[in-house]
Amino acid sequence: MSYPTSAIAVKSKKKEHKTGQIILNILILVFVLVCTLPFINVIAISLSSKSAILRGDVSFWPVEFSTRAYEVIINDPSMFHSLGYTVKITVIYTLLAMVMTILYAFPMTMKRLKGRKFFMFFIVFTMYFSGGTIPIYLNVKELGMINTQWSLIFPGLISTFNIIILKNFFEGLPYELNEAAYIDGANDFQILLKIYLPLSFSSIATLSLFYAVGKWNSFSDALYYINSRDLQPLQLKLYNLIKGGQAVEVSVQEGSSNDLASSISASIESATIIFATVPILVVYPFVQRYFVAGVTLGAVKG
């Protein structure tokens, strides 16, 4: 007599699970669309004709297909100069930032280090309190880094959040490995290079991606410290382009310019956004398999 009842209960639970799975899939689909549709719209605008942009016909598919915006970018040597310069800055910044992060996070895991709680408090304190933009600018100026590539590298070279992630990852490794190597005569640098770093590749790859994406997308530091056009990174060039396009739109509204110039600027803005986004998207798949593992393993212990 109880078998039919339990069978009905099992079917009911399966039905509820299936319904919940469908709802979850719908929510994920909505989230994906919210994230991807603006990017698709930018691609569509970059590949549409000037007249279609003027009419407002472009949504998520190119109208009156045109590659004029990309031809303008390809024929502009300054774009490729800014691209190469941005790649250079990003690589140097990421390498130096990871070295600084590793050299700070590793000692914080050593139980024999006296005062490590104070040093950890010292770095965490900066998450909540900062000197502000003006003191940082004055420091950069006094150090003679204004209008140099180093003004885009040294300020903000280290991230407190990334130090905490890497420290927690190191602490998740068996401390017995450290003690065994120390007994065998290995010094701290040998322990770091031969034990900790090989076991922390996923976390290091993830944090390197964090640093690289953050530097690639930043433009405010270049806006403050860079005056020379030759030292402008790609994102600052894109910022100036969009700012110029907004000025054109204002002129159009006031009747001092034509709609054609506005439509050209809109397509070039969109094409430049794609031009600036594709390089970092190309890099992401190579570190994707380390991404989830690196973040979760570094966040388990805290």
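How many helices and strands are there in the protein? There are 13 helices and 0 strands, where helices (H or I, at least four residues) and strands (E, at least two) are DSSP runs numbered from the N terminus. The model is predicted, so that local features need pLDDT of at least 70 and side-chain atom pairs count only at pLDDT 80 or more, whereas totals for chains, interfaces and linings use all residues. Residues are numbered from 1 along each chain as its sequence is written, and side-chain values use heavy atoms, with hydrogens and water left out.

Of the 302 residues in the protein, 33% are buried, that is, under 20% relative accessible area with a 1.4 Å probe and protein chains only. Among contacts (heavy atoms within 4.5 Å) with a separation of 6 or more, 70% join residues 24 or more positions apart.

Beyond residues up to four places away in sequence, Asn-162 touches Thr-101, Leu-207, Phe-210 and Tyr-211.

The structure also holds 1 cavity of 30 Å³ or more; a cavity is a set of points, on a 1 Å grid over the protein atoms alone, where a 1.4 Å probe fits but cannot get out. The largest cavity has a volume of about 60 Å³, a volume being the space filled by probe spheres set on the points. Its lining residues, which have an atom within 4 Å of a point, include Thr-86, Trp-216 and Asp-221. Helix α4 gives the most to this lining, with 3 residues.

Technical notes:
Buried means under 20% relative accessible area, exposed over 50%, partly exposed in between (1.4 Å probe, protein chains only). On a 1 Å grid over the protein atoms alone, a cavity is a set of points where a 1.4 Å probe fits but cannot get out, and a pocket is an open set with protein on both sides within 12 Å along at least five of seven lines; lining residues have an atom within 4 Å of a point.
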